[in-house]
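Please consult the sequence and the model shown below.

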Amino acid sequence: MSWDFQQIKQTLREDAAAVASPRELEDFRIKYLGRKGLIQEIYASLADAPKDQKPIIGKEANDLKKMATALVEERKQGIGSQPGKAQRQLDPTLPGVAPRVGHKHLLTQTIEEICDIFEGLGFSIQEGPEVETEFNNFTALNIPEDHPSRDGFDTFYTNVKDRTSKDANLLLRSHTSPGQIRIMQEHTPPLAVVIPGKVYRPDAVDASHSFMFHQIEGLLVDKDVKFSHLKGLLHAFCKKLFGPDIKMRFRPHFFPFTEPSAEVDISWKGGKKEWLEIMGCGMVHPKVFEYAGYPKGKYTGLAFGLGVERMTMLKYGIPDIRLFYENDLRFLEQF
Ligand code: DAH
């Protein structure tokens, strides 16, 4: 077999110049330097070559090997910095790929929607800490010492001592109502606030329970606040959130921090027909004013508290509370 080494060298250079990606470079290497590559083939042909040709073919094969090895190295550098053929063919007029933009979590959307409604009604938005004192979470809300909600099974206690108390530990608030106490300790009436935030209870997780969920607390204190104000306010709120056709009713209930107290049920066209409980409310108990340090008999107030998850589940027909926390985009992207 005779070889046209001039031609082979030229093709080698052209092939090297056309290499535009690591993949193509590997193909190039295999073609010339691989075990079954061209250069090995030339070496193999030495066995049958005429005697006088052997030194020439051997030298040419060595030269080719050096060249090919050097070209592989050179192109390896080149692919990184110089645009290869494929990159040169990039079409800059093609539309770009837009970055994926996230959006607010459905619970955040609901919290903002509810807070916006109350802001429109003259309330301001406040937040309180998630780690609370036993005093704010229970005592100042007129929840008696032996009330079951104080039990370790119903409240998460920390092992951090409460420096404002003789023998109590700090706890994770089990509702947003302690926010009422903080506001009243810092401000004198008239005041109207809503307090959104996370609350914690050691509940076993199932379709309607979670150890962490969100509440929104409302508090309005002034002179001569009446139960009719509470009813009118909550009716206006429900109409804004669920639509004008909504029906609402107050069912007598008991909460230690309000007197009288009620639970609010609604029924609306878009939803199910039956009455659904959406929140607790009432007139601030005089004991609570006393704990907050307000003068006796001077003020009256209304308060309410609602669960954000529950409200959102009712509004959008979501069957399982766990969906909110699993971060499954197939759920989250629907809202
Ligand atoms: N804190 C109550 C709970 O977690 C909810 C509540 C009921 C808040 C009545 C209030 C209220 O402010 O007046 O179950």
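## Basis of the values

The model is predicted: local features need pLDDT of at least 70 and side-chain atom pairs count only at pLDDT 80 or more, while totals for chains, interfaces and linings use all residues. Residues are numbered from 1 along each chain as its sequence is written, and side-chain values use heavy atoms, with hydrogens and water left out.

## Overall form

The protein chain has 12 helices and 10 strands (DSSP runs: H or I of at least four residues, and E of at least two, numbered from the N terminus). Its radius of gyration is 38 Å, well over the 20 Å that the globule rule gives for 335 residues, so the chain is more spread out than a compact globule (C-alpha atoms; 2.2 Å times the number of residues to the power 0.38). Along the principal axes, the C-alpha atoms fill a box of roughly 125 × 50 × 35 Å.

## Burial and contacts

Of the 335 residues, 42% count as buried (under 20% relative accessible area, 1.4 Å probe, protein chains only). Among contacts with a separation of 6 or more, 63% join residues 24 or more positions apart (heavy atoms within 4.5 Å).

Key
Buried means under 20% relative accessible area, exposed over 50%, partly exposed in between (1.4 Å probe, protein chains only).
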